[in-house]
Amino acid sequence: MVKKVLSIAGSDCSGGAGIQADIKTITAHKMYAMSVVTALTAQNTTGVYGVVDTEPEFVANQIDCVFKDIVPDAVKIGMVSNSAIIEIIAAKLKEYNAKNIVIDPVMVSTSGHQLISEEAKDVLVKQLLPLAAVITPNIAEAEMLCGFDIKNENDMIRAAEYIETTSNVPVLVKGGHLITHDAIDLLYSHPEKLDWYRMPKVDNENTHGTGCTLSAAIACNLAAGEALDVAVKHAKEYLTKVLKAQLNLGEGRGPLNHAYLL
């Protein structure tokens, strides 16, 4: 039977990130994509120009409709910007005993703007992150979660250890923003298991939606029954290939070619 993957995230009207990137990624993995929209955004390759959050009760309604009819084999969670929505999502995922939950904590914009309040961050850390099979923060997001700067690989280890200890779930710290020749990610899982993923950085400035794409691909691979370390490896390989496809759209930082195989 076809595997089913649910994306809980914000909508990107320009199609490069959020729900749209997740659906494309899930479809490229030959799986059935479903979505729960947590926010509408007005954005394109040059920036975000408006956000309207979905009412928490309607987020709950969407989740109910999905789980009562087509039960997901994995769940990817992206943009959740306020505490009420986070609480609802956590409660519903517990109610339905959701499995293979991948959380991409979208907390900081590409320009460095904080996208989540301190209150919401606290609820995220205490109620939602502990439900995950893996958390996938980038450097800026990992810094928000651990409370110190990350400048090198040793800092990545310290940050991953702190986040794993506080959430009690594996964490993938994405080191793509470090100034290195390689794209270096670290998967830290208990007890003190470190898996490094090193791939040459792709010369492509069009990286809109890379975080969404990677986390959605991990969710797909978990839905397929892969072990976490293998799921991350295959997701990294997929992301590298869609970057190498060199799609060039828009006036700013453009989207990826999720359907490069087509």
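Which side chain meets that of Lys76 in a salt bridge? In this predicted model, in which local features require pLDDT of at least 70, side-chain atom pairs count only at pLDDT 80 or more, and totals for chains, interfaces and linings use all residues, the partner of Lys76 is Asp22, at 3.0 Å from N to O. Residues are numbered from 1 along each chain as its sequence is written, and side-chain values use heavy atoms, with hydrogens and water left out.

A salt bridge is taken as a side-chain nitrogen of Lys or Arg within 4 Å of a carboxyl oxygen of Asp or Glu, and a search of the whole structure finds 13 of them. Lys76 is buried at 2% relative accessibility, as is Asp22 at 0%, where buried means under 20% relative accessible area, exposed over 50%, and partly exposed in between (1.4 Å probe, protein chains only).

A further salt bridge joins Glu118 and Lys121 at 3.6 Å, N to O; because these residues lie 3 residues apart in helix α4 (residues 118–128), about one helical turn separates them. Glu118 is partly exposed, with a relative accessible area of 48%, whereas Lys121, at 17%, counts as buried. In the salt bridge of Lys193 with Asp195, the closest N and O atoms are 2.5 Å apart, Lys193 being partly exposed at 36% and Asp195 buried at 18%.

Notes: Helices (H or I, at least four residues) and strands (E, at least two) are DSSP runs, numbered from the N terminus.
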